[in-house]
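Trainee: Before we look at any particular residue, could you show me how to read the features of a model one at a time, giving the general idea and then the case at hand?

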Amino acid sequence: MIEAGFGEAIDASAWARRLGVSREAVELVRAGDTIDLHLDTMIPPRLWGYDPLVRHTGGPFGRHFFGHADLPRLRDGGVAGALWSLTTNPFRSAGARLRAYRTNRARLRALAARSGGALVEADTLAGYRAARARGAHVCLPSIQGANAVEAAPDGVAELAHDGIVRVTLVHLTNAVYGATSSPLGAARRDKGLTAAGRRLVEELDAHRIFVDLAHIHERAFFDAVSVHDRSRPLLVTHTGVTGVRPHWRNLTDAQLRAIADSGGTIGIIFQAGFLARPGGPRDAGMIAEHVLHVMRVVGDDFVSLGSDYDGAITPPPDLPGVDHYPRVVQQLLDRGVGTEPLRKLLGGNFLRVLGALRPG
């Protein structure tokens, strides 16, 4: 028996048999600080009243789109913490987006309060450690798309007050801050960061909120790198890599090096459509290929996992939810990755980065 990390013990051998993996893979996930850099589990409650505190077996379409995560399965899977994202409809007015952000932020606080201490918010490494010591799953509040707070009178100061840990500058559409990598942004001629975007990066740096360069166009990505405080680590929380699968949603090797040079980390997404290459794996092996490419290009200190579960994704068929991370670990063990690099991947790299920017 091993401790699950939440105060209860599990039979690791039985869990391994259930998942078709080795006991070692289960123990690596369950015994350490496994952290997912991007969960969108606050979207399903807005769509149809999905309760993240109750166990589910999937969403309305099985593993497709939503229904990947809930607190019981996070506990089953030994997921110690995650960056829980708040996403706002970009087609609303700036004022409506701000109101939606504030409503969604209050909903996340209410969810934590309703959990009775099983889900605890934190925004520093010290806060994370304290919550883990109490046996909680740690929620690190985040924002997907800074246009959510474009109309905020106090700007980034409101996010700092709200305990927001990281912010993506843009999402799937262009914003006042710059261009998206998405085809939805194709009509915009200038693909760089705007003056407002440059100010946003500077304000996020000043408040020690992570600048997350997921979703941004490559030109705006490097504009952000150039204006960013070089003493602060950068994040890309959920992405694939073009070195395995060329795709508008994935990072080039030059972008990987820029994040590593900042001391940050890169979270590999679980969206099969961004990862799968022709003739390649159709299971968790596709994630392993992207992880290994990052390790080859910049080393094992700069890669993490950022599933994007509940973010309207379709994960590989053997990864239907947050209780299946040992299958990713097994794929990497089978490819010769050692215990220490796997511990870094599962949470060590992110905790290093969190401690560098927000120690406590």
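Mentor: Let us begin with the salt bridge, which is a side-chain nitrogen of Lys or Arg within 4 Å of a carboxyl oxygen of Asp or Glu. By that criterion D70 forms a salt bridge with R73, and the closest N and O atoms are 2.7 Å apart. Keep in mind that this is a predicted model, in which local features need pLDDT of at least 70 and side-chain atom pairs count only at pLDDT 80 or more, while totals for chains, interfaces and linings use all residues. Residues are numbered from 1 along each chain as its sequence is written, and side-chain values use heavy atoms, with hydrogens and water left out.

Trainee: Are D70 and R73 buried or exposed?

Mentor: The general idea is a set of cut-offs on relative accessible area: buried means under 20%, exposed over 50%, and partly exposed in between, with a 1.4 Å probe and protein chains only. D70 is buried because its relative accessible area is 0%, and R73 is buried as well, with a value of 5%.

Trainee: How many salt bridges does a search of the whole structure find?

Mentor: The search finds 18 salt bridges. One of them is formed by D33 and R132, whose closest N and O atoms are 3.9 Å apart. To place this pair, you need the secondary structure, where helices (H or I, at least four residues) and strands (E, at least two) are DSSP runs numbered from the N terminus. D33 lies in the loop between α2 (23–31) and β3 (34–39), whereas R132 lies in helix α6 (residues 125–133), so the pair ties together parts that are 99 residues apart in sequence. D33 counts as partly exposed because its relative accessibility is 26%, while R132, at 16%, counts as buried.

Trainee: Which residue meets the side chain of K344 in a salt bridge?

Mentor: The partner is D300, at 2.9 Å from N to O. This pair links distant parts of the chain, since K344 is in helix α14 and D300 is in the loop between α12 (285–298) and β12 (303–305), 44 residues apart. K344 has 19% relative accessibility and therefore counts as buried, whereas D300 is partly exposed, with a relative accessible area of 23%. Salt bridges can also share partners, and in this way D33, R129 and R132 are joined into one network.

Trainee: What does L345 touch, not counting residues up to four places away in sequence?

Mentor: A contact means heavy atoms within 4.5 Å. With those sequence neighbours left out, L345 touches V291, V303, S304, L305 and L332. L345 lies in helix α14, which covers residues 339–357, and L345 is buried, with a relative accessible area of 1%.

Trainee: Where are residues with a positive phi found, if glycine is set aside?

Mentor: Two cases can be taken in turn. H215 has a phi near 80°, a positive value in a residue other than glycine, and H215 is found in the loop between β8 (210–212) and α9 (218–227). At 6% relative accessibility, H215 counts as buried. D310 has a phi near 70°, again a positive value in a residue other than glycine, and D310 is found in the loop between β12 and α13 (325–334). D310 is buried, with a relative accessible area of 0%.

Trainee: Which residues form a nonpolar patch on the surface?

Mentor: Patches are made of residues with over 30% relative accessible area and no salt bridge, where like charges are joined within 9 Å and nonpolar side chains (Val, Leu, Ile, Met, Phe, Trp, Tyr) within 5 Å. Accessible areas come from the Shrake-Rupley method with a 1.4 Å probe, and for residues only the protein chains shown count as cover. Here L172, L184 and W248 form the nonpolar patch, with about 280 Å² of accessible area together. W248 is placed in the loop between β9 (235–241) and β10 (250–251), and W248 is partly exposed, with a relative accessible area of 34%.

Trainee: Which residues form a positive surface patch?

Mentor: For charges, Lys and Arg count as positive and Asp and Glu as negative, while His and the chain ends are not counted. The place of a charge is taken as NZ of Lys, CZ of Arg, CG of Asp or CD of Glu. The positive patch is formed by R46, R92, R99 and R107. Of its members, R46 lies in helix α3 (residues 43–48) and is partly exposed, with a relative accessible area of 33%.
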